[in-house]
Each structure stands twice: as C-alpha cells, then as structure tokens.
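The structure is shown first, and the description follows.

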Amino acid sequence: NYEIRLQAICTDENSEWATVTAFIPCESVELPINEDFEENTSNFVDCWQRLYNGTTASPYISSTQSYSGSKSLYFNCPSSGNYAYAISPRIDDAVDMDNLMIQFYAYVATQGHLIEVGVMSDPNDVNSFTKVGQFMPSMIDVWELGEVLTSNYDGEGRYVALRVPQWNANNIFIDDVINNLTEKNIFIAGKIDNETRKKLTKKNI
C-alpha cells in the first residue's frame with residue numbers, strides 16, 4: 001500500500017492536504033506460492049490483500065505463535081458476525097484454478113475454530129468468494145496440517161482466499177501457506193507417498 005498526499009490548488013487559496021491510501025496490485029504470479037510470513041514490510045503480507053469488518057484489522061502477522069520461523073498469520077474475529085479474509089496475489093491465467101492444492105499449518109487454543117478456503121473473482125468483494133473446502137483443527141495447542149483441493153471449483157476467479165466465517169467467533173493462527181498445482185490422479189485417489197509430498201512442499205511432513 002502507498003500513502004499519497006493531495007492538495008487542490010485553487011485561485012484564492014489551496015485546500016488542506018489530504019492523505020489517500022492506494023493499493024497497487026502486484027503482477028500475476030505463477031505457482032507455487034510459498035508464504036511463511038517472515039519477510040514482510042508491514043503487519044500484513046506483501047502483495048496479499050485482506051478484507052474484514054471488525055474494529056481491528058484482521059488477519060495480521062503475529063509473533064505469538066509460529067510453526068516455522070518466528071511469525072504466523074493470525075485471524076482474530078472474537079465476535080459472531082465478524083469476518084476476515086486473506087487473499088493471495090492474482091494467479092496467472094495459464095494456471096487451471098480447479099487443479100490446485102492449498103496447504104497450510106493451523107493452530108488453535110480452543111476447539112471449534114475453522115478456516116475456509118475459496119476462490120475469489122474480485123479481491124475487494126467478499127460476495128465473490130466461492131468456498132472449495134475448509135479445515136478445522138482436531139487438537140488444541142498443536143500445529144496441524146490442512147489441505148484443500150480446488151477440484152470442485154468452476155468459475156473465473158484467479159485469487160485464492162483464506163477466511164474465517166461469520167457464524168461463529170474464530171481465532172486461528174495460520175503458517176507456511178503453500179499453493180501449488182496438484183497431480184489430480186494422486187491426490188483425489190489419496191495415493192500420495194512421502195517422496196511426492198516432499199516435492200510439493202517446502203518442508204518434510
């Protein structure tokens with residue numbers, strides 16, 4: 001994001017300076033996308049966008065918990081009715097959006113919290129979100145691996161998004177997001193060996 005200061009030059013006098021925040025979108029990206037939230041210039045992710053309706057900007061980069069390194073992405077929606085979206089850069093047109101696997105590690109302090117994964121056609125409009133899957137950690141105080149496939153997606157969206165739903169209060173840490181192409185015959189059939197998994201992730205699982 002950039003902050004731009006503007007002033008109108010009038011005949012008799014100039015206006016007060018006004019500050020405008022402008023988001024300059026990054027170029028479309030190829031896969032894989034590997035995001036560990038360690039090297040960013042603010043409290044959010046460079047080239048990603050977020051949408052939220054709470055009083056506090058969410059999600060944001062936190063050093064409270066981490067799977068690797070010292071940081072993770074924290075979705076903080078303490079009240080029912082709040083939502084928070086983390087939206088990836090635009091994915092290149094050459095990529096089939098129904099052939100992706102989104103992996104991440106999730107951490108919760110209490111049970112019942114979940115993260116939903118979807119595809120958006122407009123990163124500024126929550127109504128363009130199409131859900132393709134979700135992950136609810138089964139244990140507390142433990143980092144768990146979540147995987148979601150986009151094989152059921154049929155749309156024109158180019159942005160992968162993680163969100164916490166509005167129907168319940170949700171507080172969840174996310175780390176080491178990996179967005180990659182899948183080999184459908186391997187993953188849908190569930191036949192994935194350790195060597196294949198190593199190739200598709202940046203760390204051994």
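Phe-173 has a relative accessible area of 11% and is therefore buried. The model in which this residue sits is predicted. The structure holds 9 aromatic pairs, and one of them is the stacked pair of Tyr-74 and Phe-173, with 4.3 Å centre to centre and 20° between the planes. Because Tyr-74 belongs to strand β6 (residues 72-77) and Phe-173 to strand β13, this pair ties together parts that lie 99 residues apart in sequence. A further pair, that of Tyr-83 and Tyr-85, is edge-to-face, because the ring centres are 5.5 Å apart and the planes stand at 80°. Tyr-60, Tyr-67, Tyr-74, Tyr-105, Tyr-107, Trp-143 and Phe-173 form one aromatic cluster.

The table lists the relative accessibility of residues named in this report.

| Residue | Relative accessibility | Class |
|---|---|---|
| Tyr-74 | 15% | buried |
| Tyr-83 | 18% | buried |
| Tyr-85 | 4% | buried |
| Glu-35 | 13% | buried |
| Asp-175 | 0% | buried |
| Asn-124 | 56% | exposed |

As for the overall fold, the protein has 2 helices and 13 strands, and buried residues make up 44% of its 205 residues. The accessible surface comes to about 11,000 Å², of which 44% belongs to carbon and sulfur atoms. Among contacts between residues at least 6 apart in sequence, 69% join residues at least 24 apart.

Five strands form an open sheet in the order β4-β7-β12-β9-β10, with antiparallel pairing. Strands β4 (49-52) and β10 stand at the edges with a single partner strand each, so one side of each has no neighbour in the sheet. From one strand to the next, the twist averages 25°. Within this sheet, β9 and strand β12 (residues 159-164) pair in the antiparallel sense over 5 bridges, and Val-119 stands opposite Val-160 in β12.

Which residues does Asp-175 contact, once its neighbours within four places in sequence are left aside? They are Asp-36, Phe-37, Ser-66, Tyr-67, Ser-68, Lys-71, Ser-72, Phe-104, Tyr-105 and Trp-143. Asp-175 is placed in strand β13 (residues 170-181), and a polar atom of its side chain lies 3.2 Å from the backbone nitrogen of Ser-68. Although Asp-175 and Tyr-107 are 68 residues apart in sequence, their C-alpha atoms are 8.5 Å apart in space.

Glu-35 is found in strand β3 (residues 33-35), and its side chain reaches the backbone nitrogen of Phe-37 at 2.7 Å. Leaving aside neighbours within four places in sequence, Glu-35 is in contact with Asn-40, Val-45, Trp-48, Asp-176 and Val-177.

Asn-124, by contrast, counts as exposed because its relative accessible area of 56% is over the 50% cut-off. This residue is placed in the loop between β9 (115-120) and β10 (129-135). Leaving aside neighbours within four places in sequence, Asn-124 is in contact with Gln-49 and Leu-51, and a polar contact of 3.1 Å joins its side chain to that of Gln-49. Asn-124 and Leu-51 are 73 residues apart in sequence, while the distance in space, C-alpha to C-alpha, is 7.3 Å.

Definitions and conventions. Residues are numbered from 1 along each chain as its sequence is written. This is a predicted model: local features need pLDDT of at least 70, side-chain atom pairs count only at pLDDT 80 or more; totals for chains, interfaces and linings use all residues. Side-chain values use heavy atoms; hydrogens and water are left out. Helices (H or I, at least four residues) and strands (E, at least two) are DSSP runs, numbered from the N terminus. Buried means under 20% relative accessible area, exposed over 50%, partly exposed in between (1.4 Å probe, protein chains only). A polar contact is a pair of N or O atoms within 3.5 Å; within protein, one must be able to donate a hydrogen and the other to accept it, and residues adjacent in sequence count only if both atoms are side-chain atoms. Contact means heavy atoms within 4.5 Å. Accessible areas come from the Shrake-Rupley method with a 1.4 Å probe; for residues, only the protein chains shown count as cover. Two strands pair if DSSP finds at least two bridges between them. Axes are lines fitted to C-alpha atoms, for helices over the stretch in contact, and angles run from 0 to 180 degrees between N-to-C directions. Rings of Phe, Tyr and Trp (its six-membered ring) pair if their centres lie within 6.5 Å; planes under 30 degrees apart count as stacked, over 60 as edge-to-face and the rest as tilted.
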